[in-house]
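Thank you all for coming. Today I would like to walk you through one structure, going from the confidence of the model to the strands, the core and a few individual residues.

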Amino acid sequence: MSSKVIRKISIGSDYKNDAMHYAVGQQVYGGHTISHILCDEEKDAYNIFIKKDGEVLPWKKFNSQMAISVEYDLEY
């Protein structure tokens, strides 16, 4: 796993008009909240996890063959 904390990931080649944006803390899928976004360097993929009622679940996975923009958390 990457040592940098990902705050937001955008999927799609047209960032401003057609990309899907996912950010930590965002409400999604029936009251769930995005809890964290991780880079799986071994599989060259990004995984999004959601949380509800204390339970964390894998939600989405994107491979690096897609147009991806990553925004890191700059708080240290």
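Let me begin with confidence, given as pLDDT, which is the predictor's confidence in each residue on a scale from 0 to 100. The protein as a whole averages a pLDDT of 90, and 95% of the residues score at least 70. This is a predicted model, in which local features need pLDDT of at least 70 and side-chain atom pairs count only at pLDDT 80 or more, while totals for chains, interfaces and linings use all residues. Residues are numbered from 1 along each chain as its sequence is written, and side-chain values use heavy atoms, with hydrogens and water left out. When I say strand, I mean a DSSP run of E with at least two residues, numbered from the N terminus.

Now to strand 5, which covers residues 45–52 and has six of its eight residues buried, so that it is largely enclosed by the rest of the structure. Here buried means under 20% relative accessible area, exposed means over 50%, and partly exposed lies in between, with a 1.4 Å probe and protein chains only. Two strands are taken to pair if DSSP finds at least two bridges between them. Strand 5 runs antiparallel to strand 4 (residues 32–40), with seven bridges joining the two, and it also runs antiparallel to strand 6 (residues 55–63), with eight bridges.

What lies between strand 5 and strand 6 in their hairpin? There are two residues between these strands, and Asp53 in the turn has a positive phi of about 55 degrees; at 77% relative accessibility, Asp53 counts as exposed. In the hairpin of strand 4 and strand 5, which has four residues between the strands, Asp44 likewise takes a positive phi, near 55 degrees. Tyr29 is not a glycine either, yet has a positive phi of about 40 degrees; Tyr29 sits in the loop between strand 3 (27–28) and strand 4.

Turning to strand 1 (residues 6–11), five of its six residues are buried. Five bridges join strand 1 to strand 7 in an antiparallel arrangement, and four bridges join strand 1 to strand 2, again antiparallel.

The largest nonpolar core has twelve residues, among them Ile9, Tyr22, Ile34, Ile48 and Phe62. Strand 1, strand 4 and strand 5 are the elements that give two or more residues to this core. By a nonpolar core I mean a set of buried Ala, Val, Leu, Ile, Met, Phe, Trp, Tyr and Cys residues joined through side-chain atoms within 4.5 Å.

Finally, how many salt bridges does the structure hold? There is one, counted when a side-chain nitrogen of Lys or Arg is within 4 Å of a carboxyl oxygen of Asp or Glu. The side chains of Glu71 and Arg7 form this salt bridge, at 2.2 Å from N to O. Because Glu71 lies in strand 7 and Arg7 in strand 1, the pair ties together parts that are 64 residues apart in sequence. Glu71 is partly exposed, with a relative accessible area of 30%, and Arg7 is also partly exposed, at 34%.
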